[in-house]
Amino acid sequence: MKKHTVIVVDDQRSVRSMIKRWIESDPNWEVVGEASNPFEARDQIIEKQPDVMTLDVHMPEMDGIEFLKKLLPQHPMPVIMFSSSTTEGTSITLEALDAGAFDYVTKPSGTPESLIEAKEDLLSKLNASLAYDVSVFHNSKKGLQTNNVKSKKDITFKSKVILIGSSTGGTTTLRKLLDDVDDSFPPILVAQHMPENFTALFAGRLNAELNTKVIEAKDKQLLENGIVYIAPGNFHLEVQKINNELYTKITQTDKVNGHRPSVDVLFNSVVNCGMGKQSLAIILTGMGNDGAKGLLNLKNNGCLTIGQNKETCVVYGMPKVAFEIGAVMFQLPLEQITDKVKELGSK
């Protein structure tokens, strides 16, 4: 069987060697080229025509974002970023995702546990990238520009809370989905698979770009209309009821489905506090199955449920599993979801 091919781009030879060992530990994958800078990478891509590229966020001689913007229109391919967990590294990674990178892997800290986790994360994302249609990203960018004009507030929502779960591809998908949200909407809680340090910057970027307030959730915040609460990286976000009011709950219990935050944890918490019939839940692009069982639990308890369709997903994994187990009431293209939320959630 023909192996899938990768080019590894990093200015450190030792890091390239480590990544190559990780990739080739899977018999389905082969590293066909290595490069220390974008110019070498460009030549390797033309010569080798790889299936996937891994790319360090800090690149010498050319800004990595500029490289992606020049590369992807000419050579559409999944690019997996290797990101540091520093503020600068996190910011560049988010820019890379905006520029079309498929996903990212956080560089290990050097401990045996972090090395194993990074290796497993890379191999998982390499396999997921094979189903990535780069045209989905470029088509989705067409509607991302915000107009900074509040939409007309002619809707009164009967839903008390809106829940969203997303993973790979979620950063750009969420921006488009939330573009038409204003302070007439009920509180929106988001479980997006992201590590620590990423979620605060991600929330800040959304807050600056959208018409609604977006924050990284903290523990025991009263849920307010028109605010989007992003689950903090490495913590679960839940909904809890205190004195008949809804509040956030932040915990660091075990990972669920390999994730913290977990979409299932968020979804199930709404059922646990008796708010299933007064909620609306959406499952977006992402690999794996996190959120599917929670969405079914919500549906079985009276919640309205929406799943993103295959054609507009970067990775049709989480919505696919949810749809197949009967958890999705309405399966829709991304651009139709907000209108459906307004239709379903209003009186």
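Phe198 counts as buried, at 0% relative accessibility (buried means under 20% relative accessible area with a 1.4 Å probe, protein chains only). The model is predicted, and local features need pLDDT of at least 70, side-chain atom pairs 80 or more, while totals for chains, interfaces and linings use all residues. Residues are numbered from 1 along each chain, and side-chain values use heavy atoms, without hydrogens and water.

**Exercise 1.** Classify the aromatic pair of Tyr104 and Phe198.

*Solution.* 
- Ring centres of Phe, Tyr and Trp (its six-membered ring) must lie within 6.5 Å; planes under 30 degrees apart count as stacked, over 60 as edge-to-face, the rest as tilted.
- Tyr104 and Phe198 are 4.7 Å apart centre to centre, with 5° between the planes: stacked.
- Tyr104 lies in strand 5 and Phe198 in helix 8, so the pair ties together parts 94 residues apart in sequence. Helices (H or I, at least four residues) and strands (E, at least two) are DSSP runs, numbered from the N terminus.
- Tyr104 is buried too, at 6%.

**Exercise 2.** Classify the pair of Phe157 and Phe185.

*Solution.* 
- The centres are 4.7 Å apart and the planes 40°: tilted.
- Both Phe157 and Phe185 are buried.

Terms used
Buried < 20%, exposed > 50% of the residue type's maximum accessible area, 1.4 Å probe, protein only.
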